[in-house]
Amino acid sequence: MIEVTRDTFKLAQVFTISRGSRTESKVLTVKVTQNGVTGWGECVPYARYDETLDSVEAEIMGLPGDVSREALQSLLPAGAARNAVDCALWDLEAKTTGKRVWELLGMPKPGPEITAYTLSLDTPEAMRAQAQKNAFRPLLKIKLGTPDDMARLEAVREGAPKSTIIVDANEGWSAQVYADLAPHLVRLGVAMVEQPLPAGEDEALIGMDRPVPVCADESAHDRASLPGLKGKYDIVNIKLDKTGGLTEALALREAALAEGYGIFVGCMVGSSLAMAPAVLLAQGAGFTDLDGPLLLGEDRAVPLQFDEAGVHPSSPELWG
């Protein structure tokens, strides 16, 4: 049996990227019950990929109640719907066997991973204040994506002089804006720039000087995306809501590493339930951004633990 509920988590503050602002995170919580055991997972339908709460729920409810994880991979495409069900089936298997998911995968016992903390797109002054407030964090991710981002970059570096900075343009720059900013990214010690150009216009990255590693986000979904990244990107951002679950995410990670890409494990703005499977995926990744719960004003009853060591693996009470 498959159940879907809609949950809304209020954000701690307004969250803005180049495509717009939000004050809450609307997610789908999926429970799969088989033989009296229930596993659960979460997804965040994303308008950028033509997903809505209604469309994703319809995809999920069209599945047979006894669906297997193996069959699921061909029954649904990569995306939010398959992600929630895939993660629920991993949780179900863990509960059925009495083993943690990392044991089922043959992984070493996972540990905490340093996660980025995201600073919302705002005025330079407001972003400087955000940076100062979070200057104790080792890794900050700043949302940019406008033609006049130079002042924002300078302001964040002033506010957090010791933090490592990664930049996410969310497809908001042109090739010329990126080329103009690139030397300043180096000067300001930026470690990575994420999706500087629109996914449909990233051919311009071929042959372009990339003094700072460039990461594919909107251009990278699952293993089928990899051929289109060649010559454009250095790092792949793997998100469960894009790959369609932990199963494909692990396969994408292996394939991307084999082709020489760095790994960045990211997230949509969701609760600890959405992040929990991704913590396993993030083990040993070059960059991790699983700060969704830190951006919320409320979370699941048994949340993930965040401290100076980073984001810790989930307890069995939460997931897996």
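Residues are numbered from 1 along each chain as its sequence is written, and side-chain values use heavy atoms, with hydrogens and water left out. Because the model is predicted, local features need pLDDT of at least 70 and side-chain atom pairs count only at pLDDT 80 or more, while totals for chains, interfaces and linings use all residues.

Strands here are DSSP runs of E with at least two residues, and helices are runs of H or I with at least four, numbered from the N terminus. Two strands pair if DSSP finds at least two bridges between them. This sheet is open, with the order 1-2-3 and antiparallel pairing. Strand 1 (2–17) and strand 3 (37–43) stand at the edges. Each has a single partner strand, so one side of each is left without a neighbour in the sheet. From one strand to the next, the twist averages 20°. Strand 2 (residues 20–34) pairs with strand 3 in the antiparallel sense over 7 bridges. Thr-33 has Thr-38 in strand 3 as its bridge partner.

Strand 6 and strand 7 pair in the parallel sense over 4 bridges. Ile-165 stands opposite Val-190 in strand 7.

Follow the order on to strand 9 (residues 235–238). In a regular strand the side chains alternate between the two faces of the sheet. Both faces of strand 9 are covered. Ile-235 and Asn-237 are buried on one side, Val-236 and Ile-238 on the other. Buried means under 20% relative accessible area, exposed means over 50%, and partly exposed lies in between (1.4 Å probe, protein chains only). Strand 8 runs parallel to strand 9, joined by 2 bridges. Cys-215 stands opposite Ile-235. Strand 9 also runs parallel to strand 10 (residues 262–265), with 4 bridges between them. Here Asn-237 has Phe-264 as its bridge partner.

Helix 3 (residues 80–97) has 18 residues. At 1.5 Å a residue, they should span 26 Å; the expected span is 1.5 Å times one less than the number of residues. The end C-alpha atoms are 26 Å apart, which agrees. Of the 18 residues, 14 are buried, so helix 3 is largely enclosed by the rest of the structure. Gly-98 follows helix 3, with a positive phi near 75°.

Ala-80 belongs to helix 3. Its relative accessible area is 0%, so Ala-80 is buried. Ala-80 and Tyr-46 are 34 residues apart in sequence but 7.8 Å apart in space, C-alpha to C-alpha. Leaving aside neighbours within four places in sequence, the contacts of Ala-80 (heavy atoms within 4.5 Å) include Cys-43, Val-56 and Asp-241.

Helix 6 (residues 150–159) and helix 7 pack at an angle of about 5°, with their axes 11 Å apart. Axes are lines fitted to C-alpha atoms, for helices over the stretch in contact, and angles run from 0 to 180 degrees between N-to-C directions. The two helices are therefore roughly parallel, a term for angles under 35 degrees. Met-150, Leu-153 and Glu-154 of helix 6 meet Leu-181, His-184, Leu-185 and Arg-187 of helix 7.

What holds the inside? A nonpolar core is a set of buried Ala, Val, Leu, Ile, Met, Phe, Trp, Tyr and Cys residues joined through side-chain atoms within 4.5 Å. The largest has 76 residues. Ile-142, Leu-153, Val-167, Trp-173, Tyr-178 and Trp-319 touch the most other members. Helix 10 (residues 272–281) gives the most to this core, with 8 residues. Apart from it lies another core of 20 residues, among them Val-4, Leu-28, Leu-53 and Ala-84.

Most residues other than glycine have a negative phi. Glu-171 has a positive phi of about 70°. Glu-171 lies in the loop between strand 6 (164–168) and helix 7 (175–187), and at 12% relative accessibility it counts as buried. Gln-195 also has a positive phi, near 40°. Gln-195 sits in the loop between strand 7 (190–194) and strand 8 (214–216), and is buried at 0%.

How values were computed: Angles under 35 degrees count as roughly parallel, over 145 as roughly antiparallel, 65 to 115 as roughly perpendicular and the rest as oblique.
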